[in-house]
Structures are given as C-alpha cells and as structure tokens.
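I opened the model and kept notes as I went. Here is what I looked up, in the order I looked.

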Amino acid sequence: MEDVRKIKVKYMVEKDDFMRAGQASSNIKKILKKLGLDSQILRRVAIATYEAEMNIIIHSEGGFIELEIHPDKIRINVEDNGPGIKDIDLAMKAGYSTAPNKIRELGFGAGMGLPNIKRCCDEFNIKSSLGEYTRLELLIYNK
Amino acid sequence: MLTVEELSNKLSLEKISGLENMDNVISGVYIGDLLSWVMANIKPGNIWITIQTNINVVAVAVLGEAACIIIAEDAEIDESTIMKSNEEGIPILRSSLSAYELAIEINKVSNGSI
C-alpha cells in the first residue's frame, strides 16, 4: 500500500539555465530544514541534489528532480531527456569529465559530480540509455 | 566569537552585497575554486575564499551554509552574482589580497581562534 505519510515535490530543471542553478536544491534543502531533519542528512541531500541539478543543466537536454520524503528515508529521483552516458563506469570515476572549457571556467567540470552524489547516498542507482535518458534513484536513510 | 562584520572591518574588506547578514558568526576558513569540491568539503560557518565570481558561487555558499564569501585579488564580480547574494542574504566581500594572504590575516585577527 502507498505510504500516505510521504511528501512529494518535483522541480523541473532547464538545460543551460545557469541563472537559476541551485534553485531546486536550495528549495529542497529549505523544505527538509523546516521538517527539522538532522543537519548531516540535510547536508548529504543538499550535495546530492545540487550535483544532480548541475548535471542536468550542464550535460542534458533538461529534466527533473523529484523528492519523496518518507518517515524513515528520503528518496530522490532524477531524470533527464538525454543524451545519455556512453560509459557509466568512466563517468563514475572521480576526476573524469566531459565538460567543455567554457563550463570549467565557471568552476564546474571537476569530474566530481556523480562520485559526490554516490558518496552522499545510502543507495545509489544509475541507468542511462544513449540518446534517451539518464536516471538516478537515490536513497538517504533518515536514521 | 568573530562575526563577518568584525572581520570585514579588521581587514578593511570591500563590502559588496548580502550585507543584511553581516552578523553571521565565523568558524573556520575554506579556500577553493572548484565548485563541486567546495560543495563537498566546506563546513557550516566557514568563510569561503575564492576567485570564482559567477552566480553559481551563491548557491554553493547557501547550500554549504558559508558565513560569507570573500573574493580574492579584486576579481571582478558579475552583476547577477551581486543580485543573487542580496536575495539569498549571503555576504560577499572583496579584497586585493590573495587567498593565501587573506588566510594569514584572518588567522592573525582571530588569534587562531576560529
């Protein structure tokens, strides 16, 4: 049965929208702060959602971040509209990045995004299909 | 205890924006220009010293709960960054000193207590 105590919010994230970058993750953090979540959990959610948001803005054709707050865990679903990741193992490697120079000059493209996300989560699942989507399913336990 | 206001006055920093929260209390310093790296390692209450000045530094400072941002070496700051920091209430200060020199000065004025 669906857990009726869960809260769900969804944020659309536009491609190349650097002016609003961090908006979705800031809003998510504010919601969780109001709910009185532990500051360590807040920090992990903030890092994971910020990196996911930047990945959508920098690398994808746009997508969304969906937050589900359960009594015992936070679930974050991230999905974009492609172009997908060719080699996920390589993308997961710290320091590997496909970001162009223009993006690196802004301080991004360190190749830390996906590794940072994984480090912050209790469960991390990534799926990608070339030309179609990249999807992240993240779980952070609230215990 | 050292506030952003006190530090700013002691080091004669240029007060740029987000000035409503100059009473933020400082604990520690973080220096870095790679946003993901900073995001992962900055601690709440830190002063963040950087030469990055695009709008995205504000989101990193907000999410990382930095006490303030100090822009080193008089780097030019984007107008959108200034507007965003006013919106989010993250103080941005600026200095002609390098990140290294700033760190030394901060250590001096706080007597190593932050």
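Entry 1: I started at Ile47(B), which stands opposite Cys68(B) in β6(B). Before going on I noted that this is a predicted model, where local features need pLDDT of at least 70, side-chain atom pairs count only at pLDDT 80 or more, and totals for chains, interfaces and linings use all residues. Residues are numbered from 1 along each chain as its sequence is written, with chains lettered from A and ligands numbered from 1 in the order in which they are written. Helices (H or I, at least four residues) and strands (E, at least two) are DSSP runs, numbered from the N terminus.

Strand β5 (residues 47–50) and strand β6 (residues 68–71) of chain B run parallel and are joined by four bridges. Thr50(B) has Ile71(B) of β6(B) opposite. I count two strands as paired if DSSP finds at least two bridges between them.

Which way do the residues of β5(B) point? Ile47(B) and Ile49(B) go one way, Trp48(B) and Thr50(B) go the other, and all are buried. Buried means 20 or more other C-beta atoms within 10 Å of the residue's own, exposed means 12 or fewer, and partly exposed is in between, with C-beta atoms placed from the backbone. The general rule is that side chains in a regular strand alternate between the two faces of the sheet.

**Entry 2: neighbours and crossovers.** I then checked β5(B) against strand β4 (residues 29–31) of chain B: the pairing is parallel, over three bridges. Ile49(B) is the bridge partner of Ile31(B). Between β4(B) and β5(B) the chain passes through helix α2 (residues 35–41) of chain B, in a right-handed β-α-β crossover. Another right-handed β-α-β unit is made by β5(B), α3(B) and β6(B). Right-handed here means that, with the strands pointing away from the viewer, the path from the first strand over the helix to the second runs clockwise.

**Entry 3: the whole chain B sheet.** The order is β2-β7-β6-β5-β4, five strands in an open sheet with mixed pairing. At the edges I find β2 (14–17) and β4 of chain B, each pairing on one side only. From one strand to the next the twist averages 25°. Helix α4(B) packs on this sheet, touching β2 and β7 (92–94) of chain B, and its direction makes about 80° with that of β2(B). For the angles, axes are lines fitted to C-alpha atoms, for helices over the stretch in contact, and the values run from 0 to 180 degrees between N-to-C directions.

**Entry 4: two helices of chain B.** I looked up how α3 (residues 56–63) and α4 (residues 79–88) of chain B pack: the angle is about 25° and the axes are 8 Å apart. Val57(B), Val58(B) and Val62(B) of α3(B) meet Thr81(B), Lys84(B), Ser85(B) and Glu88(B) of α4(B). Contact means C-beta atoms, placed from the backbone, within 7 Å. By class, these residues are three nonpolar, two polar and two charged. Nonpolar covers Ala, Val, Leu, Ile, Met, Phe, Trp, Tyr, Cys and Pro; charged covers Asp, Glu, Lys and Arg; the others, Gly among them, are polar.

**Entry 5: over to chain A.** Here five strands form an open sheet in the order β1-β2-β3-β5-β4, with antiparallel pairing. β1 (7–13) and β4 (123–129) of chain A are at the edges with a single partner strand each, so one side of each has no neighbour in the sheet. β1(A) is joined to strand β2 (residues 63–69) of chain A by seven antiparallel bridges, and Val13(A) stands opposite Gly63(A). Helix α1 (residues 23–34) of chain A lies across β1 and β2 of chain A, at about 165° to β1(A).

**Entry 6: the β4–β5 hairpin of chain A.** Seven bridges join β4(A) to strand β5 (residues 133–141) of chain A, running antiparallel, and Phe124(A) is opposite Leu138(A). The hairpin has three residues between its strands, and Gly131(A) takes a positive phi near 80°.

Key:
Contact = placed C-beta atoms within 7 Å.
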